[in-house]
Amino acid sequence: MRENEASIRGRVVRDLIAHTTNDLLIGKKIKNGELRKQIGTAEPPWKCPECFTMQTIEMEHFTMELLESKENANRDKIILQLHGGGYVGKIHNTYRSFAVLYAEAGKGMDVLSIDYRVAPENPFPAALEDAITAFDWLREVKGFTEDEIYLGGDSAGGGLCMALCHYLKDHGRKLPRGIVAMSPWTDMTASGPSYDDNYEKDPLFGKTRDSLIYSTDYRQDHDPKNPYLSPLFGDFTGFPPMLIQVGTYEMLLSDSQQAAARAKEQGVHVRLSEYEGMFHVFQMAMMHLPESKRAWQEVEHFFTVVDSM
């Protein structure tokens, strides 16, 4: 799916982001992730909506947050959310709001969000190890089968969802029911055409090579083509259905296009939705942008379709 043009509101927000990131005082900190590392420790406590409860679960190396619906709960399945942030940013309130939207899109499914370890203090494979631990916790402690677990993630988290599936497959394990990946980071070689084609367009990462999408803080000296870092280069055969959403102004556009094409070639059911004129993880606008609203409605439709398969 691809739309013809961005909404007026979408273009305004996109231009505001570009204006902010081009500001010499704050723009560099946004693009290179310095500001992203600070978010979460400086923000106010998140207020959980009255129709949900949020439980914090302490693990050995990280914490998890379990969002549960009080009304019309669907306890048959659960969503494991892996947040974005270039593997250097920890969870923050936007992702807690994402959890609410995932729960609503899943018609009452619970959502487990993990605050996995991040670089540079905890480089690869720390985030992947924590994702595996959380997945196993859902199985061994909560009693879910693999077919009752959805994965959802954005940016680095979207790539991590696919990396987790590569790991499970490589180790002869069953895979989850489905994947929702928003602007997934799937290629740490930065070799796709959109890294050049959208260099001037991307309002968040554009006009510089000193940004999160070129950072080696997480991968260090590991091969960037390792599928656990760049899932694009892995074998998708046997993967569950995937919904991939991306904005056409993103430097990471080809990360989504190439991963979707490769997965389809290998027999995976994939829906790639390109939102015209949109920026990286535009879904953070929640219900305030027409494109973001449609994206979350599409997530709901994806869950409905996969549940019927």
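Strands pair here if DSSP finds at least two bridges between them, and the strands (E, at least two residues) and helices (H or I, at least four) are themselves DSSP runs, numbered from the N terminus. The model is a predicted one, so local features need pLDDT of at least 70 and side-chain atom pairs pLDDT 80 or more, while totals for chains, interfaces and linings use all residues. Residues are numbered from 1 along each chain as its sequence is written, and side-chain values use heavy atoms, with hydrogens and water left out.

On the E3 side, E4 runs parallel to its partner, with six bridges between the two; Leu80 has Leu112 as its bridge partner in E4. Between E3 and E4 the chain passes through H4, and this β-α-β crossover is right-handed (with the strands pointing away from the viewer, the path from the first strand over the helix to the second runs clockwise).

E5 pairs in the parallel sense with E3 (residues 74–82) over five bridges, with Leu82 partnered by Gly153. Another five bridges, again parallel, link E5 to E6 (residues 178–182), where Ile179 stands opposite Leu151. Together with helix H6 (residues 156–170), E5 and E6 form a right-handed β-α-β unit.

The largest has 64 residues, and Leu80, Leu112, Ile114 and Met242 have the most contacts inside it. Leaving aside residues up to four places away in sequence, Leu80 touches, among others, Leu112, Ile114, Phe135, Leu151 and Leu164 (contact being heavy atoms within 4.5 Å). A second, separate core of 25 residues includes Phe52, Leu101, Val111 and Tyr150.

Back on H4 (residues 93–105), the 13-residue helix reaches 18 Å from first to last C-alpha, close to the 18 Å expected at 1.5 Å a residue; that expectation is 1.5 Å times one less than the number of residues. Ten of the 13 are buried, including Phe98, Leu101 and Tyr102.

Thirteen is also the number of aromatic pairs: the structure holds 13. Rings of Phe, Tyr and Trp (its six-membered ring) pair if their centres lie within 6.5 Å, with planes under 30 degrees apart stacked, over 60 edge-to-face and the rest tilted. Phe98 and Trp296 have ring centres 5.1 Å apart and planes at 80°, so they are edge-to-face. Trp296 belongs to helix H9 (residues 290–307) and Phe98 to H4, so the pair ties together parts 198 residues apart in sequence. Phe98 is buried at 1% relative accessible area, and Trp296 is buried at 4%.

Technical notes
Buried < 20%, exposed > 50% of the residue type's maximum accessible area, 1.4 Å probe, protein only. Core = buried A, V, L, I, M, F, W, Y, C linked by side-chain atoms within 4.5 Å.
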